[in-house]
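Let's take a look together at the inner space and the aromatic rings of this protein. Please keep the structure open as you read.

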Amino acid sequence: MKQITKLNKRVTELSATLPLLRSTDEEWMRGDFRKNFHNKGLCYYLVMERCHEWQVIRYYYISRMRLFEFMQVWINADGEQVVRAKRRHMRVDGWVEDSDMRIWKQKPYIEYSYLGGIWRLGWTACKIRSLLPELKKRGLRTSTHCINPAKICKALLTNNRLETLFKVRQYRLVHEFMHGYYTLDDSMWQSVRVALRHGYHWDDHQEFDTWYRMIHDLRFLGLDTNNPHYICPANLMDAHQHWMDKRNERVELERIAEEMKQAEAFEPTFRKYREQFFDMMFAKGKVSIQIIPTAMGIKEEGEAMHHCVGGYYNRLNSLILSAKVDGKRMETIEVDLTDYRIVQSRGLQNKQTNYHNQIVHLMKQGLPEIRKRNEEHKLKIAV
């Protein structure tokens, strides 16, 4: 707190020494506004200049009728920052022109924009008048290359990796990693370095986003994310789709394995409540119906038939049976053990089969037997 207070005091003292808006800068702003943005109502223009040990980014509001400075962002060589700004109306882009600039709290800068902070304020153009020596050493010269000026100054002063990317003119990567949507951890940094070393490039945000997600898929699959064979594909979209499919397959296999493990743990309970049906079978002609005798078996039935019955193994009021024709799975049947009715009978992917009516008719004939066995078993358990 004492450090912040000291910085605030220093900024307040130096702010009084800042020059007024230069006539050349005013001509630049008004000329650019009239030429390109006059019909848009208002714009923000920025001027960067050094003030002793601070880099100052000055924000100017311009419309058809008004031009005034409404905010200043002060950043020192250590990346510490102080923000001075005029009072803001409750409405969007409403600044009180005749209010005094004052230092606002360090975080979260919500006061400065309805979008969520000063970093989200739009800006039309930026002119660099003078820079801190530390910023020059880190590659900043005459342009911020369409990157938020306040953010790029802080990033260059505090992040060696972003500084490196900026110096080698990878402005697209600086923009992507600097805004917090993507993480430049050790593994990703090595992948980026390898890709750049092999001449790989990203034309736009969508292409980078696809590549970034592909790297995470490769990492999930345990593949070498420093190998240019994987991370520098000739066709990025095809490679991304391929590795995404592989990841989804792995996730699905892990899901099935976990669910099978849970079903296996449920086996003792399943046997306790279903053993009365194990020797029961209904058959007529080619059609035969039997209970699925294990919780694992119900999971396997659901996977084989591609429907949701695999998750029913722990439903104690549902009896799951498999109807087969000539020994081949045809439909899966669910019977409600509270009112002894057929809830559903579905084939592959929940479709009805040509044998559906025969299966349902045979199942209805067996419902009295199911009722009898279940009621007797309930009495047995109760005793």
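## Cavity and rings

In this predicted model, the count comes to one cavity of 30 Å³ or more. The volume of the largest cavity is about 60 Å³. Its lining is made up of His307, Cys308, Val309, Thr332, Ile333, Glu334, Gln344, Arg346 and Asn350. Two or more lining residues come from each of the elements β10 (328-336) and β11 (341-346), and β10 gives the largest share, three residues.

Now to the rings. The structure holds 18 aromatic pairs. In one of them, the ring centres of Tyr230 and Trp243 lie 5.7 Å apart with the planes at 80 degrees, so the pair is edge-to-face; planes over 60 degrees apart count as such. Tyr230 belongs to helix α9 (residues 228-231) and Trp243 to helix α10 (residues 236-265), so the pair ties together parts 13 residues apart in sequence. With a relative accessible area of 15%, Trp243 is buried, because the cut-off for buried is under 20%.

One aromatic cluster is formed by Phe177, Tyr182, Tyr200, Trp202, Phe208, Trp211 and Tyr212.

Rings also meet charges here, and the table gives two cases where an arginine lies over a ring.

| Arginine | Ring | Distance to ring centre |
|---|---|---|
| Arg247 | Phe220 | 4.2 Å |
| Arg315 | Tyr312 | 3.7 Å |

For Arg247, the charged end sits over the ring of Phe220, while Arg315 lies over the face of Tyr312.

Notes:
Residues are numbered from 1 along each chain as its sequence is written. This is a predicted model: local features need pLDDT of at least 70, side-chain atom pairs count only at pLDDT 80 or more; totals for chains, interfaces and linings use all residues. Side-chain values use heavy atoms; hydrogens and water are left out. On a 1 Å grid over the protein atoms alone, a cavity is a set of points where a 1.4 Å probe fits but cannot get out, and a pocket is an open set with protein on both sides within 12 Å along at least five of seven lines; lining residues have an atom within 4 Å of a point. Grid points are joined across faces, edges and corners, and a volume is the space filled by probe spheres set on the points. Helices (H or I, at least four residues) and strands (E, at least two) are DSSP runs, numbered from the N terminus. Rings of Phe, Tyr and Trp (its six-membered ring) pair if their centres lie within 6.5 Å; planes under 30 degrees apart count as stacked, over 60 as edge-to-face and the rest as tilted. Buried means under 20% relative accessible area, exposed over 50%, partly exposed in between (1.4 Å probe, protein chains only). A charge sits over a ring if NZ of Lys or CZ of Arg is within 6 Å of the ring centre and within 35 degrees of the ring normal.
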